[in-house]
Amino acid sequence: SRSPGLSQAEIDRYMNSPMGARAPQEYIDNPAKVLGAHQGAIVPVVEEILRKDPSIRSFLNIGIYLGLLDRYLAIQFPNVSFTGVDFWNDLMEANAPLLLPNLRVVNGYALDEIESGNISGDVTMFFSTATRVKNAELRRYFRSIKSRYIIMNEPLFPLPTGEIVNPEDVDMINSVPVSVYPPYPGDTHGPYPPLLVHNYRALLTEAGFQVIHFSVQHHPSPRMQAVA
């Protein structure tokens, strides 16, 4: 839909679904192991911003899932408060072994939590999350976020033809659907919404942010990265 947010039925569906994942023990014992994982690609950008701007005191991860990356960063920057937010009815249980005095998780719909003032950050990060958000909803996120910085690292899934959509060529209003989850046996809700490629630079600029870094990589997998 083109509504600027999730319906209550969608929220209930996601909040009542289990993530079904737990942090591997080796990541709990050795948080630096995340540097060799998928999420590790964003670490140099985050570390550069946090070191160059020592006034930063809070960091918000929208769509934290498992806070492996957040645990590593919280150890490296003990003076920064890290918050992760996500759906999933077992979010707290799954992340319990990862939490630290300066790392917490919040169970809820991130947009509602931001707009109500329950969560915030001097830095807000989207990692493999904005691709799951509708165009109008993502624009509402950007309007609602009062952070000094937004960091993004999002997949650019290939089309069935193999073509990689350049986010810079995407219409600002009509984001491009590129990947779908098929319904699974016994699913009473139908498939999840399609994953999208947005014109991230245009949407961030529209919301009043200045894009200071933007790049697209094709290996090891197609992804975009932006700092605004």
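**Entry 1: helix α7**

I began with α7 and listed its buried residues, which are N135, E137, L138, R139, Y141, F142 and S144; buried here means under 20% relative accessible area, exposed means over 50%, and partly exposed lies in between, with a 1.4 Å probe and protein chains only. Seven of the 10 residues of α7 are buried, so this helix is largely enclosed by the rest of the structure. Helices (H or I, at least four residues) and strands (E, at least two) are DSSP runs, numbered from the N terminus.

I noted the conventions before going further: this is a predicted model, in which local features need pLDDT of at least 70, side-chain atom pairs count only at pLDDT 80 or more, and totals for chains, interfaces and linings use all residues. Residues are numbered from 1 along each chain as its sequence is written, and side-chain values use heavy atoms, with hydrogens and water left out.

I then asked what covers the buried residues of α7. The cover includes β1, α6 (110-115), β4, β5, β7 (195-197) and α8 (200-206), where contact means heavy atoms within 4.5 Å.

From α7 I picked out N135, which lies in that helix and counts as buried at 9% relative accessibility. Leaving out residues up to four places away in sequence, N135 touches M172, I173, N174, S175, L196, H198 and L203. For one of these, N174, I looked up the separation from N135: 39 residues in sequence and 7.2 Å in space, C-alpha to C-alpha.

**Entry 2**

Strand β5 (residues 149-155) is mostly covered, with seven of its seven residues buried. In a regular strand the side chains alternate between the two faces of the sheet. In β5, Y149, I151, N153 and P155 point one way, whereas I150, M152 and E154 point the other way, and all are buried.

Which strands pair with β5, and in what sense? Strand β4 (residues 123-127) pairs with β5 in the parallel sense over five bridges, two strands being paired if DSSP finds at least two bridges between them; within this pairing, V123 has Y149 as its bridge partner in β5. Strand β9 (residues 223-227) pairs with β5 in the antiparallel sense, also over five bridges, and the bridge partner of P155 in β9 is R223.

I also noted that β4, α7 and β5 make a right-handed β-α-β unit, meaning that, with the strands pointing away from the viewer, the path from the first strand over the helix to the second runs clockwise.

Not counting residues up to four places away in sequence, M152 touches I42, F126, A130, F142, Y200, L204, M224, Q225 and A226.

I looked at F209 as well, which sits in the loop between α8 and β8 (213-217) and is buried, with a relative accessible area of 12%. Setting aside neighbours within four places in sequence, F209 is in contact with F142, I145, S147, I150, L204 and A228.

Is strand β2 (residues 81-86) largely enclosed or open? Five of its six residues are buried, so β2 is largely enclosed by the rest of the structure. On one hand, β2 pairs with strand β1 (residues 58-62) in the parallel sense over five bridges, and S58 has S81 as its bridge partner in β2. On the other, β2 pairs with strand β3 (residues 103-107) in the parallel sense over five bridges, and V85 has V106 as its bridge partner in β3.

Together, β1, helix α4 (residues 68-76) and β2 make a right-handed β-α-β unit. I found α4 mostly covered, with seven of its nine residues buried, and its cover includes α2 (25-29), α3 (43-52), β1, β2, β3 and β4.
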